[in-house]
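User: I'm new to this one. Can you walk me through it?
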Amino acid sequence: MRTDVTEALFPTLVIGAGAWGTALAMALARNDHKVWLWGRNDAQRQAMREQRRNDEYLPGQVFPDSLDIVDDLQQALTQCKHVMISVPSHAFAEALSMLVQHLPAGVPVSWATKGLTPHTGAFLYDTARETLGDQHPLAVISGPSFAAEVARNLPTALTVASENDDFAVQLAQSLHGPTLRAYTSHDVLGVQVGGTVKNVLAIAAGISDGLGYGANARAALLTRGMAEILRLAAILGAQPETMFGLSGIGDLILTCTDDQSRNRQLGLAIGRGLSVDEAVRHVGKTVEGMHAAREVLLRAQKANIEMPIVEQVCKILFEGYDPRESVQALLCREQKAELSRP
Ligand SMILES: NC(=O)C1=CN([C@@H]2O[C@H](COP(=O)(O)OP(=O)(O)OC[C@H]3O[C@@H](n4cnc5c(N)ncnc54)[C@H](O)[C@@H]3O)[C@@H](O)[C@H]2O)C=CC1
Ligand SMILES: O=C(CO)COP(=O)(O)O
């Protein structure tokens with residue numbers, strides 16, 4: 001067992017045994033750290049314990065020895081040294097409420113969830129602070145990282161953002177391994193902006209590709225999508241440089257261009273002619289951009305900034321717009337300069 005500074009965070013309890021929670025738990029355990037993984041489904045936990053795999057989400061990937069499946073969440077919360085949440089954004093507030101009663105003060109909490117809190121549109125950091133108070137150091141894990149590739153030990157780089165330097169460094173160090181590189185950041189807000197909006201833009205890129213609009217259109221969507229992210233980041237007070245990092249353009253490129261992305265898969269299905277409901281059923285997995293789109297647009301409208309791609313995605317998802325008409329609407333916007341004058 002390692003005895004360096006990162007041991008302060010172990011045992012780590014990972015809440016959420018989907019693809020990403022399991023892959024992160026495996027990554028930590030491969031570095032010989034003690035990790036407890038909890039998922040809400042009893043039968044899934046039993047199967048994972050017996051098979052030492054999570055075949056539902058990461059078929060064939062065997063758990064490292066130091067990863068254990070735990071059943072008693074309450075007991076694990078009182079004994080762990082760090083909680084990492086990896087549930088979909090719509091379950092994030094519920095996950096926080098499960099831990100708030102039992103987690104001793106001072107135990108750090110991180111999450112790998114991307115998106116906003118439904119209904120309030122709050123960034124997850126704000127929801128976490130509101131629920132947990134200021135007793136726990138908080139950190140966000142983001143960046144271009146498909147769970148299946150991390151589980152298969154393929155090279156990956158992540159960002160760990162926290163206002164607490166010690167926690168950011170400890171968490172980054174504990175994730176860091178031969179195939180996983182973790183950078184730290186102070187820009188908690190910026191990291192969340194990139195990780196949230198890229199999912200909506202990946203739906204747009206999927207729609208365009210599903211319609212067969214080609215490589216030029218995809219590149220234009222990514223670039224103009226980046227302009228929308230930068231506009232939102234600026235108005236919210238995030239650091240623009242963060243948008244050019246792993247959690248910004250890195251994750252935007254990944255999800256807009258690779259078919260492993262579930263957000264892109266949803267767009268592809270819609271572009272190929274499925275209705276939105278059919279496309280959601282076809283993907284059958286977490287599609288965060290679907291949840292984030294409306295909340296991002298509301299934020300843009302409140303701040304009086306233009307996010308035309310996000311707006312058209314909302315029209316397609318929630319107002320029954322034909323994707324071809326939406327692309328036309330984007331192309332027919334008033335001609336303007338690419339950059340505003342300095
Ligand atoms: N899969 C990936 O490659 C990556 C996913 N993420 C993010 O991680 C988050 C989780 O995504 P995935 O693991 O892929 O989702 P998933 O669909 O694979 O699994 C979600 C898990 O959360 C559980 N869950 C749902 N509601 C819950 C609740 N109320 N309490 C406890 N558990 C609950 C489900 O049972 C399921 O096990 C999302 O925000 C996603 O954007 C981030 C980077 C990579
Ligand atoms: O966030 C991700 C990779 O960084 C996963 O993207 P999807 O949720 O679109 O699959």
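User: What lies 2.8 Å from an oxygen atom of ligand 2?
Analyst: A polar side-chain atom of Lys114. That is a polar contact, meaning a pair of N or O atoms within 3.5 Å; within protein, one must be able to donate a hydrogen and the other to accept it, and residues adjacent in sequence count only if both atoms are side-chain atoms. The protein covers 92% of the 300 Å² of accessible area that ligand 2 has on its own. Accessible areas come from the Shrake-Rupley method with a 1.4 Å probe; for residues, only the protein chains shown count as cover.

User: Before we go on, what am I looking at?
Analyst: This is a predicted model, where local features need pLDDT of at least 70, side-chain atom pairs count only at pLDDT 80 or more, and totals for chains, interfaces and linings use all residues. Residues are numbered from 1 along each chain as its sequence is written, chains are lettered from A and ligands numbered from 1 in the order in which they are written, and side-chain values use heavy atoms, with hydrogens and water left out.

User: OK. How far is an oxygen atom of ligand 2 from the side chains of Arg262 and Asn263?
Analyst: For Arg262, an N or O atom of the side chain is 2.9 Å away. For Asn263 the distance is 2.7 Å.

User: How many residues surround ligand 2?
Analyst: There are 13, and the closest are Lys114, Lys198, Asp251, Ser261 and Asn263. Near means that a heavy atom of the residue lies within 4 Å.

User: Which element gives the largest share of that shell?
Analyst: Helix 10, with 3 residues. Helices (H or I, at least four residues) and strands (E, at least two) are DSSP runs, numbered from the N terminus.

User: And by class?
Analyst: The ligand 2 shell has 3 nonpolar, 6 polar and 4 charged residues. Ala, Val, Leu, Ile, Met, Phe, Trp, Tyr, Cys and Pro count as nonpolar, Asp, Glu, Lys and Arg as charged, and the others, Gly among them, as polar.

User: Why does ligand 2 lie between domain 1 and domain 2?
Analyst: Because domain 1 (12-186) and domain 2 (196-332) both give residues to its shell. The bounds come from an automatic or database domain assignment.

User: Now ligand 1. Which residues come nearest?
Analyst: Of the 20 around ligand 1, they are Ala19, Ala147, Arg262, Thr286 and Glu288.

User: What's the make-up of its shell by class?
Analyst: Around ligand 1 there are 10 nonpolar, 5 polar and 5 charged residues.

User: Last topic, the backbone. Which residues does a cis peptide bond join?
Analyst: Phe10 and Pro11, with omega at about 5 degrees. Pro11 is in the segment before strand 1 (12-15).

User: Which residue has a positive phi without being a glycine?
Analyst: Arg52, at about 60 degrees. Arg52 lies in the loop between helix 2 (42-51) and strand 3 (53-54).
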